[in-house]
Amino acid sequence: MGFRTGIEPIDEQIPEGIPPGYVVLIEGYLGVGKTFFASTIAATAARAGAPVLFFAIDALADEVLEDLKRRGAPTDSITVVDGFAAPSERYAKLKPPSRHRLETPDAYALMNKLAEFAPEFRGGVVVVDSLNEVLIRSPGSVLDLFRAFKIFAKYTESVVVATAHTDVEEVYGVITAASHLADVIIQVEVDPNLEEMGLYVRRMRVARAKRLRISHDWIHFEVADGRVVEIDVKTMLKMLSRQLKEMGIEVRQKQ
């Protein structure tokens, strides 16, 4: 039995859950929900009794822990590694002390810290949010980093989840070189066709799922009450078109 994500459209496609030993990459532009997806997976695992190791690189460690607590995750099964680097020692002193932290948020510090947990960590979920600063600091290490994720996931019977903001050109280039090492790739974006119409509607798809039989179609969604809710875009557009016609506005489809 694998790990359920807590994200309904994904769990419907993968009812047995994501298999232990898998590396999951969640990619997309800034602000489309990648961190929400990763945190949902972490909270779902913690509520199911699995250990969670969360590398907080894009946010303060205490903020990450508070978010997981709001999602009902038991804190005794969660370890947050502080990877939110302060710009100077003076600012570092303002942050609360952290038992686990990355001295520098680069690939080799991340791999070394991950290796520290390997002897004891079993059957859990690791989240790295996000890879951007890590890859910008050490772009030539992306293959080594993903190989480390694969080895850790396999031999601890865990799932490693990493997010990447692919609107950053430097990150997009290096992440593409290592994407073949990810077992599952989840893409999240704003629908470009609807965006041209002035509608901000997000969509997601499982672009890759190793040895899993799934649909790779795009699924439109919104986040409501802490849940990912699928949107029927065709029905939404029909209702919008009808309302515009009632206002005397004719909508013409592109040829």
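The exercises below, each with a worked solution, concern the predicted model shown above.

Residues are numbered from 1 along each chain as its sequence is written. Because the model is predicted, local features need pLDDT of at least 70 and side-chain atom pairs count only at pLDDT 80 or more, while totals for chains, interfaces and linings use all residues, and side-chain values use heavy atoms, with hydrogens and water left out.

**Exercise 1. Determine which strands pair with strand S6, and in which sense.**

Solution. Start with the terms: strands (E, at least two residues) and helices (H or I, at least four) are DSSP runs numbered from the N terminus, and two strands pair if DSSP finds at least two bridges between them. Strand S1 (residues 23-28) runs parallel to S6 and is joined to it by five bridges, with glutamate 27 standing opposite glutamine 187 of S6. Strand S7 (residues 202-209) pairs with S6 in the antiparallel sense over seven bridges, and within this pairing valine 206 of S7 is the bridge partner of isoleucine 186. Finally, consider burial, where buried means under 20% relative accessible area, exposed over 50%, and partly exposed in between (1.4 Å probe, protein chains only). Six of the seven residues of S6 (residues 184-190) are buried, so this strand is largely enclosed by the rest of the structure.

**Exercise 2. Find the residues with the most contacts inside the largest nonpolar core.**

Solution. A nonpolar core is a set of buried Ala, Val, Leu, Ile, Met, Phe, Trp, Tyr and Cys residues joined through side-chain atoms within 4.5 Å. The largest one has 42 residues, and those with the most contacts inside it are Ile26, Phe37, Val161 and Ile186. Its largest share, eight residues, comes from helix H2. A second, separate core of 36 residues includes Leu53, Ala109, Met111 and Leu135. Returning to isoleucine 26, and taking contact to mean heavy atoms within 4.5 Å, one finds that, with residues up to four places away in sequence not counted, isoleucine 26 touches residues including Phe37, Val161 and Ile186.

**Exercise 3. Work out how many aromatic pairs the whole structure holds, and describe two of them.**

Solution. Rings of Phe, Tyr and Trp (its six-membered ring) pair if their centres lie within 6.5 Å, and planes under 30 degrees apart count as stacked, over 60 as edge-to-face and the rest as tilted. A search of the whole structure finds three such pairs. In one of them, phenylalanine 37 and phenylalanine 221 are tilted, at 5.5 Å centre to centre and 50° between the planes. Phenylalanine 37 lies in helix H2 (residues 34-47) and phenylalanine 221 in strand S8 (residues 219-224), so the pair ties together parts that are 184 residues apart in sequence. Both phenylalanine 37 and phenylalanine 221 are buried. The rings of phenylalanine 121 and phenylalanine 152 have centres 5.8 Å apart and planes at 40°, so this pair is tilted. Phenylalanine 121 is buried at 8% relative accessibility, and phenylalanine 152 is buried with a relative accessible area of 5%.

**Exercise 4. Describe the surroundings of asparagine 132.**

Solution. Asparagine 132 lies in helix H6 (residues 132-137) and is buried, with a relative accessible area of 6%. Leaving aside neighbours within four places in sequence, asparagine 132 is in contact with Ala164, His165, Val168 and Val171. A polar atom of the asparagine 132 side chain lies 2.7 Å from the backbone nitrogen of histidine 165.

Definitions and conventions: Polar contact = N/O pair within 3.5 Å; in protein donor to acceptor, adjacent residues only side chain to side chain.
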